[in-house]
Amino acid sequence: MKPMVEITNVNKYYGDNHVVKDVSFSIFDGEFLTMLGPSGCGKTTTLRMIAGFEEPTNGSILVGGENVSDKEPFERDVNTVFQSYALFPHKTIYDNIAFGLKMKKVKKEEIKERVTEMLSLVQLEGFEKRMPSQLSGGQKQRVAIARALINRPKVLLLDEPLGALDLKLRKQMQIELKRLQKKLGITFVYVTHDQEEALTMSDRIAVMNGGILEQLGTPDEIYEKPKSKFVADFIGESNVFEARVEEVQKGALSLRTETGTVTAKNDACVQNEIVYISVRPEKLQFSEKEVEGFHLTGVVKEHIYVGSFIRSIVVLQNGFEVKLNRLAGSDLPPVASVTNLYWEKEHAVVMHSRQHQIFSLIDNVDLGEHYETETAL
Amino acid sequence: MKLKQRFKKSLPKLVTVSPVSIWLLILIAIPLVYVLVISFASRSPSGGIEFAFTLENYGKLASADYLKIYGQSILIAFFTTVISIFISYPFAYHMANSSKTKRTILMLLVIVPFWTNSLIRLYGWKTILGTEGVLNNLLMDAHIIKEPLNMLFTTPAVVLGMCYTLLPFMILPLYASIEKLDRALLEAASDLGAKRIHSFFHVTLPLTSPGIFAGSIMVFIPALGYFFVSDLLGGGNTMLIGNLIKNQFNTSQNWPLGAALSIVLIIVTLILVKIYTKVGGKIDDLGVA
């Protein structure tokens, strides 16, 4: 697949404020890529740099192989759907959608044809003469999408487009957007802070935090194999333990946490390294007896029935609350009893902590391959 | 009994609203009604008012001499308004897009002259524009002109004085409407392929037109009536509706005619404001409240 958007070593400063830190990644042609992260993580700034509303302090942005870094927004083959819709309040729906084509001096008959086509695409036939103020939030959003798509952009940028809609409409629009993207085959770059939205819609997700690109991967990779503590915490729910590698056997690690010993699959770890282990609540299991490789006990605090599953909270000796999701109907230890916890070793994700570098240096251990991959991140 | 209860119920309202109502009654409503009443009275030979209903005053308003004055006055007000728009728009636009501190400074520059009596400021213009004035001396010294230009006591001088005096009334509503403009709309226009000039004519200008309209009303109407500007800078060569009204009350001692003229001016004003609100303008944006 050829890249449609190439972002290379892009930095953005607002005065002394470094909001996007050396971000590099490519977006493929026809891909639905989501930039996900908490507010202030630099995702919107990155999007606005692709659109041309902000200029990167340094680095380059290519769209369709062409360097657009110092081009004006009106010179770029990308269009944006704004969070606030930004429909022109003094123009009818027809004129709003036709605006881009009018600017390109497209013939009137063709404009009419294409506006009609767009209105049917977003299911707003018959709304031509209305004013934006007469539409609901969801309808405005459709107009905003139609207004952008009518220009047949190479890339459609969407800045939290569903942020202002209620939950039900949001879900519906998620499905519609995804369908639209598949049908048109246009590259979508989507910004959201909603991880569920990102997981359900995207081909790939770029997780950002504090101006840094934490991880780029498919929803599956991001969820199953988070590369950092932040990603594990931010995407879905997770129990994250800090641990030190005690022993490296073939294929397995023995790790010591503050409250006991656990096991995980080896992932380029070295002895004495400090790592984070992330285990999803649905992967954690109760056991009456101690399971081989595990010495992790806690007191059952409560079971909460959440429809299809039961959410259990177990408190470890250091006060850390572990979350478990078990299927309703499975055997559960009674509240206030002491229980053993374990997981299948392949269900634990080991993440190299940033501390390990210092740790390794002190212990004078060979840094190995993972050190390079870590710094490359 | 019922009446008493009702009175008790509305007492708080009466107490709180009354001072304002009384204030408005004494200072605005009563004088206005008085003007309206005497506009239907006639002038006594001694210059007083004879209260006998007549439409004579309104009839006189249509005389050829007066029509000429209205025409001139409207023309001056029109030019004043148009020139004010062209001066104020770039200024207000710049102000709305400036940093907070710069905005405050610019705002002060607009407002501070307000704190000096406008008569004194107009006298300042007199010393600039006069035959022996600053501007003529400067141009003569620079050998650009040989004879002093006749600038003072001309119609352009009146327009200049009007613009100068009324500029803040144009800048402030314009600033308010430009500042309110959603910047995302400009980004959207640019995103959709509009160059800056197109963004301006398709988005900025139509969306700030209420500000232009508000400013125009605020400038046009006073420009019809600011007699002191034409007195000082027009030197009596330029008669405005304002001068006409003033003369009726002063020199001619014909209050009923002056009152009739005032009433017509008030009605014109109200019609303009009505049009303004009809096209979607807000009374608050006029800044009169």
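What follows is a chat about a predicted model with chains A and B.

Biologist: Let's start with the contact between the chains. How many residues does each of chain A and chain B put in?

Modeller: This is a predicted model, to be clear. In it, chain A brings 23 residues to the contact and chain B brings 18.

Biologist: And how much area do chain B and chain A bury between them?

Modeller: About 1800 Å², with 63% of it on carbon and sulfur atoms. On the chain B side, B:E187, B:D191 and B:L192 supply 38% of the area that chain B buries against chain A, more than any other three residues.

Biologist: How many salt bridges are there between chain B and chain A?

Modeller: The count is 2. In one salt bridge, the side chains of B:R196 and A:E72 meet at 2.9 Å, N to O. Side chains of opposite charge can pair when their charged atoms come close.

Biologist: What about polar contacts across that interface, how many residue pairs?

Modeller: The rule finds 6 residue pairs in polar contact between chain B and chain A, both residues being at pLDDT 80 or more.

Biologist: Which helices of chain B supply at least two residues each of the side that touches chain A?

Modeller: α8 (183-191) and α9 (196-225) of chain B each do. The largest share comes from α8(B), with 7 residues.

Biologist: How does the side of chain B that touches chain A split by class?

Modeller: That side of chain B has 9 nonpolar, 5 charged and 4 polar residues.

Biologist: Zoom in on β17 and β18 of chain A. How many bridges do they pair over?

Modeller: Strand β17(A), residues 309-316, pairs with β18(A) over 7 bridges in the antiparallel sense. For instance, A:I310 has A:R326 in β18(A) as its bridge partner.

Biologist: What about the sheet with β11 and β14 of chain A, what's the strand order there?

Modeller: That open sheet has 5 strands of chain A in the order β13-β12-β11-β14-β20, with antiparallel pairing. Its edge strands are β13 (260-265) and β20 (349-352), each pairing on one side only. The twist averages 45° from one strand to the next.

Biologist: How many bridges join β11 to β14 in chain A?

Modeller: There are 6, joining β11 (residues 239-248) to β14 (residues 274-279) of chain A, and the two run antiparallel. A:A243 stands opposite A:V275 in β14(A).

Biologist: Next, the β9 and β10 hairpin of chain A. How many residues sit between the strands?

Modeller: 2 residues, and A:G210 in the turn has a positive phi of about 55°. The strands, β9 (204-209) and β10 (212-217), run antiparallel and are joined by 5 bridges. A:N209 stands opposite A:I212 in β10(A).

Biologist: Back to salt bridges. How many are there over all chains?

Modeller: By this rule, 21. One of chain A's pairs is A:R204 with A:E31, where the closest N and O atoms are 2.4 Å apart.

Biologist: Where do A:R204 and A:E31 lie?

Modeller: A:R204 is in strand β9 of chain A, while A:E31 is in the loop between β2 (17-28) and β3 (32-36) of chain A, so the pair ties together parts that are 173 residues apart in sequence.

Technical notes: Residues are numbered from 1 along each chain as its sequence is written. Chains are lettered from A and ligands numbered from 1 in the order in which they are written. This is a predicted model: local features need pLDDT of at least 70, side-chain atom pairs count only at pLDDT 80 or more; totals for chains, interfaces and linings use all residues. Side-chain values use heavy atoms; hydrogens and water are left out. Two strands pair if DSSP finds at least two bridges between them. Helices (H or I, at least four residues) and strands (E, at least two) are DSSP runs, numbered from the N terminus. Contact means heavy atoms within 4.5 Å. Buried area is the accessible area (1.4 Å probe) that two parts lose on being put together, summed over both. A salt bridge is a side-chain nitrogen of Lys or Arg within 4 Å of a carboxyl oxygen of Asp or Glu. A polar contact is a pair of N or O atoms within 3.5 Å; within protein, one must be able to donate a hydrogen and the other to accept it, and residues adjacent in sequence count only if both atoms are side-chain atoms. Ala, Val, Leu, Ile, Met, Phe, Trp, Tyr, Cys and Pro count as nonpolar, Asp, Glu, Lys and Arg as charged, and the others, Gly among them, as polar. Axes are lines fitted to C-alpha atoms, for helices over the stretch in contact, and angles run from 0 to 180 degrees between N-to-C directions.
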